[in-house]
Amino acid sequence: RWNGQTRGEHAFSVAAHSLKKEAMFFTARPNAARADRLAALLHDAPEYVIGDMISPFKAAVGGGYKTVERRLQQAVHLRFGLPATLPDSLKKSIKKADQIAAWFEATALAGFEEAEAEKFFGRPKGFTAEKLDLTPRPTAEVQAAFLARFAELS
């Protein structure tokens, strides 16, 4: 995540981000179905295949990148029993959790000032850093946590 440019002994991985995002999604939607929570956990699954590209790069590449990303997401969804395309309301809820996670990561790990992070992601309401553990952890530890969460939800 963040092109590897984060504070801490270890890089902050997409898996760690996905765990935080799914937790925030569940906080905002405590009655969410297990499948919706799995969709939130797998929201960044294309990055497993193509890597976590920073937003300015995605914008420079243009529509072709988004097409590949969307097709990979659909394939992941189908593989794990989710609809290829999620309902718009669910996509918006997941994206909101993604932006909340990004704001906290940007300010705690990537060196953004709060005003700068707010410009890109909006300022989260109803969430505080105290509820989140954004400590970058060893890859094997995060991988095990992600796989355990995935097993619980799938």
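## Basis

Residues are numbered from 1 along each chain as its sequence is written, and side-chain values use heavy atoms, with hydrogens and water left out. In this predicted model, local features need pLDDT of at least 70 and side-chain atom pairs count only at pLDDT 80 or more, while totals for chains, interfaces and linings use all residues.

## The second largest pocket

The second largest pocket holds about 650 Å³ of space. Its lining has 27 residues. V14, A15, A45, Y48 and F146 lie nearest the centre. Helix α8 provides the largest share, 6 residues. By class, the lining residues are 17 nonpolar, 6 polar and 4 charged.

The terms are as follows. A pocket is an open set of points on a 1 Å grid over the protein atoms alone, where a 1.4 Å probe fits, with protein on both sides within 12 Å along at least five of seven lines; lining residues have an atom within 4 Å of a point. A volume is the space filled by probe spheres set on the points, which are joined across faces, edges and corners. Helices are DSSP runs (H or I, at least four residues), numbered from the N terminus. Nonpolar means Ala, Val, Leu, Ile, Met, Phe, Trp, Tyr, Cys and Pro; charged means Asp, Glu, Lys and Arg; the others, Gly among them, count as polar.

## Salt bridges

Side chains of opposite charge can pair when their charged atoms come close. The whole structure has 11 salt bridges (a side-chain nitrogen of Lys or Arg within 4 Å of a carboxyl oxygen of Asp or Glu). R149 pairs with E22, with the closest N and O atoms 3.0 Å apart. This pair links distant parts of the chain: R149 sits in helix α8 and E22 in helix α1, 127 residues apart. R149 is buried, at 17% relative accessibility. E22 is buried too, at 3%. Here buried means under 20% relative accessible area, exposed over 50%, and partly exposed in between (1.4 Å probe, protein chains only).

R137 forms a salt bridge with D133, the closest N and O atoms being 2.0 Å apart. R137 also meets E141 in a salt bridge, at 3.5 Å from N to O. R137 is partly exposed at 30%, D133 at 33% and E141 at 43%. Elsewhere, salt bridges with shared partners join E22, R37, R149 and E152 into one network.

## A nonpolar surface patch

I54, F57 and V61 make up a nonpolar patch on the surface. Together they have about 240 Å² of accessible area. V61 belongs to helix α4 (residues 55–61). V61 is partly exposed, at 42% relative accessibility.

Patch residues have over 30% relative accessible area and no salt bridge; like charges are joined within 9 Å, and nonpolar side chains (Val, Leu, Ile, Met, Phe, Trp, Tyr) within 5 Å. Accessible areas come from the Shrake-Rupley method with a 1.4 Å probe; for residues, only the protein chains shown count as cover.

## Two long-range pairs

V14, a residue of helix α1, is buried at 19% relative accessibility. V14 and Q99 are 85 residues apart along the chain, and their C-alpha atoms are separated by 14 Å.

L42 lies in the loop between α2 (34–41) and α3. L42 is buried, with 6% relative accessible area. L42 and A97 are 55 residues apart in sequence and 13 Å apart in space, C-alpha to C-alpha.

Terms used. Helix = DSSP H or I, 4+ residues; strand = E, 2+ residues; numbered from the N terminus.
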